Amino acid sequence: MTATIIDGLALSQNILEELRVEVAQMRAKHGQAPGLVTILVGDNPASASYVSRKVKTAHSLGFHEVQDNRPADISEADLLALIEHYNADPAIHGILVQLPLPKHIDERRVLLAIDPDKDVDGFHPMNLGRLFIGGEAVTFLPCTPAGIQEILIRTGVQLNGAEVVVVGRSNIVGRPIAVMLGHKGRGGNATVTLTHTGTKDLASHCRRADVLIVAAGSAGLVRPDWIKPGATVIDVGVNRLGFNQKTGKAVLSGDVDFEAASAVAGKITPVPGGVGPMTIAMLMKNTMRSAWKHLEGQDGHTASCHQP
């Protein structure tokens, strides 16, 4: 068996094309485009690269994008005041503060300061609570879990009643996707087991999975004998193993032994080129959802993410 490789870049481009149509509709109806501010504190190269991709994508869609770079020694009080400024700006519908922040700044306080109705990353406790309730209560889904769910839906993976195993329990990926896939409705209704690197006999749990989602941050953790033949494998891990002097790029690996797993799985995401592009696409979709909501007092034309 040779797995079908899921092209996250191609899927993300389909979503972005859909959003370009919505931007045109919004401009025609309201004379305004979705507004997104990306706040980068300091000069961490990885953070700068992530923000650059987000900014480039927003510009390509015709968003009103504000790139706000601040020095690493900005005070917590000044950063909170900056967030409050954008909370009050009617032209801004989404606020993204790139993490991690310098050690003298409390990340929790910063995330709490963002207006939940502009929290397009979906990290505010209020939005995580809405996610737990599900259905119409949901405002924004966290972007990486939303991207995973969108991948599964758009590639025709059967989730209704499926056995899903999630490896990794972070608040950013593992816990949210476990909740989302367990909700009733489209893109859910699965039986979900949430595991982690401390789980006893982790391999046996993985072997049961019709859909295996790995977000543990451990390069090559999942070996081919852990995978049920024909299963769908979603690899969320991005591990930097070194630096390629010829290409000038980091050498990346997922949490799954990709080459070996491809001989067993039915479908599999690569690293890079799998979940990553979808995460950015879902950030844009959340921003579009927020813009419709702010301009019309409702979700408007887009459902933004498939809400169970």
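I started with Ser170, which sits in the loop between β5 and α7. Helices here are DSSP runs of H or I with at least four residues, strands are E runs of at least two, and both are numbered from the N terminus.

Before going further, a note on the model: it is predicted, local features need pLDDT of at least 70, side-chain atom pairs count only at pLDDT 80 or more, and totals for chains, interfaces and linings use all residues. Residues are numbered from 1 along each chain as its sequence is written, and side-chain values use heavy atoms, with hydrogens and water left out.

**Loop residues**

I checked how open Ser170 is: its relative accessibility is 31%, so I put it down as partly exposed. Buried would be under 20% relative accessible area and exposed over 50%, with partly exposed in between (1.4 Å probe, protein chains only). Leaving out residues up to four places away in sequence, Ser170 touches Arg175 and Pro176; contact means heavy atoms within 4.5 Å.

Arg169 is in the loop between β5 (163-167) and α7 (174-182) too. I have Arg169 as partly exposed, at 45% relative accessible area. With residues up to four places away in sequence not counted, Arg169 touches Gly174, Arg175, Leu194, Thr195 and His196.

UniProt positions follow the numbering used here, feature names are shortened, and annotations may be inferred rather than shown by experiment.

**Annotated domain**

The unreviewed UniProt entry also puts "domain: Tetrahydrofolate dehydrogenase/cyclohydrolase catalytic" at residues 6-121. Over residues 6-121 I get 51% helix and 16% strand, with the end C-alpha atoms 24 Å apart.

**Core**

Which residues have the most contacts inside the largest nonpolar core? They are Ile148, Leu152, Val164, Ile213, Ile234, Val236 and Met284, in a core of 48 residues. α1 (8-30), α2 (45-61), α6 (143-154), β5, α7, β7 (211-214) and α10 (275-296) each supply at least two residues of this core. α10 gives the most, with ten residues. For the record, a nonpolar core is a set of buried Ala, Val, Leu, Ile, Met, Phe, Trp, Tyr and Cys residues joined through side-chain atoms within 4.5 Å. In soluble globular proteins, nonpolar side chains tend to be buried together.
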